[in-house]
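Here is a short briefing for a first look at a protein model. Keep the sequence and the 3D view side by side as you read.

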Amino acid sequence: MAAKDYYEVLGVQKGATKDQIKDAYRKLALQFHPDRNKAPEAEARFKEISEAYAVLSDDEKRRQYDAYGREGVYQRYSQEDIFRGADFGEFFRGFGGFDDIFSQFFGGGARGPRRGEDLSYHLQMNLEDIVQDSTREIEIPRSEVCATCNGSGAKPGTSPQRCGTCGGTGQVQKVQSAGFARLVRVTACGKCGGRGYLIDSPCRDCRGRGTVQKTRKISIMIPAGVEDGHTLRLRGEGNAGEAGVPPGDLYVVVNLAPHRLFARQDSDVYLEMKVGVVQAMLGAELAVPTLYGEVKLSVPHGTQPGTVFKVKGKGLPNYGGWGKGDQYVKVDVEIPKSLSDQQKELMKRFGEQR
Ligand SMILES: [Zn+2]
Ligand SMILES: [Zn+2]
């Protein structure tokens, strides 16, 4: 299924203003709201336009979408996160609450099907790596649906048999009598382990489990300027679940290594730099390292120890926003520990002249 462009979905131009997006959504939402439109495809359309609106009405999500498309949005936000940020209240005031439809989108939450396990991965990065958006390939050991049996666990050519004990429900009722009362307890079927089916001839590749262990290469997009400890959620990239159950998610935690030169504070970068006493007194042009290579910094004559200079725009990109931070250079004036006789003589004369 080729996912349509969000702008197309709402019928607006790529550079549409927020108001134009809002207007377009309002019109379409009234047309396809499930309370008004009972056509079978209306709900899907409504969800589609609502998703497009939720993304395009939010600066950060829109930026992510413009740069990386839907994949980029899905990689960074869960379905719920996509909708949660947007304000739908103003559109549906007259209707029976947006929350109802909303919960339909997500299957009501609480009693969803079991999923595969979530996985986590720690990604080591340096400050230099996050001066722009980047893509990393990581290797994740995880369980995947067995390709031989398609996850059924049954040898190809055979199929799992419905469990006769529980009739395929995976549950059995146990009736206990306590005096006159009869207690009905529902427990997992012991014969099939609650799966509802039995496998006579297990698949040889997965030994009937339906999943196999694989190491998978996954490309992930790391947004510029992320903080240490930032966690990216990759939906569906965790362990496969039992047959027919969605996989878990993969959480990638970005760990930024301490830098040998720079300290970081939000999007600003701090550097301490030694300057010779003569340079400080007479002024000098310094070659200052930054995350983007060396820049020249003019230090005026008479610069005092501890003076901080600002190098504009050489900090990190603002995470999820526009522009960059700055670099601050603190000057540490170095006093020579030893002088030659000639230097001592010159310093004496210098002192006398003051
Ligand atoms: Zn198999
Ligand atoms: Zn059973």
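Cys146 is buried, at a relative accessible area of 1%. Buried means under 20% relative accessible area, exposed over 50%, and partly exposed in between (1.4 Å probe, protein chains only). The model is predicted: local features need pLDDT of at least 70, side-chain atom pairs count only at pLDDT 80 or more, and totals for chains, interfaces and linings use all residues. Residues are numbered from 1 along each chain as its sequence is written, chains are lettered from A and ligands numbered from 1 in the order in which they are written, and side-chain values use heavy atoms, without hydrogens and water.

**Zinc site**
- Cys146, Cys149, Cys203 and Cys206 coordinate the zinc ion (ligand 1) through their SG atoms at 2.3 Å.
- Donors are N, O and S atoms within 2.8 Å of the metal (3.2 Å for Na, K and Ca); water is not among the atoms, so sites may look incomplete.
- The donors of the zinc ion (ligand 1) are spaced C-x2-C-x53-C-x2-C along the chain.
- Cys149 is buried too, with a relative accessible area of 8%.

**Positive phi**
- Most residues other than glycine have a negative phi.
- Asn150 is not a glycine, yet its phi is positive, about 60°.
- Asn150 is exposed, with a relative accessible area of 67%.
- Asp266, also not a glycine, has a positive phi of about 55°.
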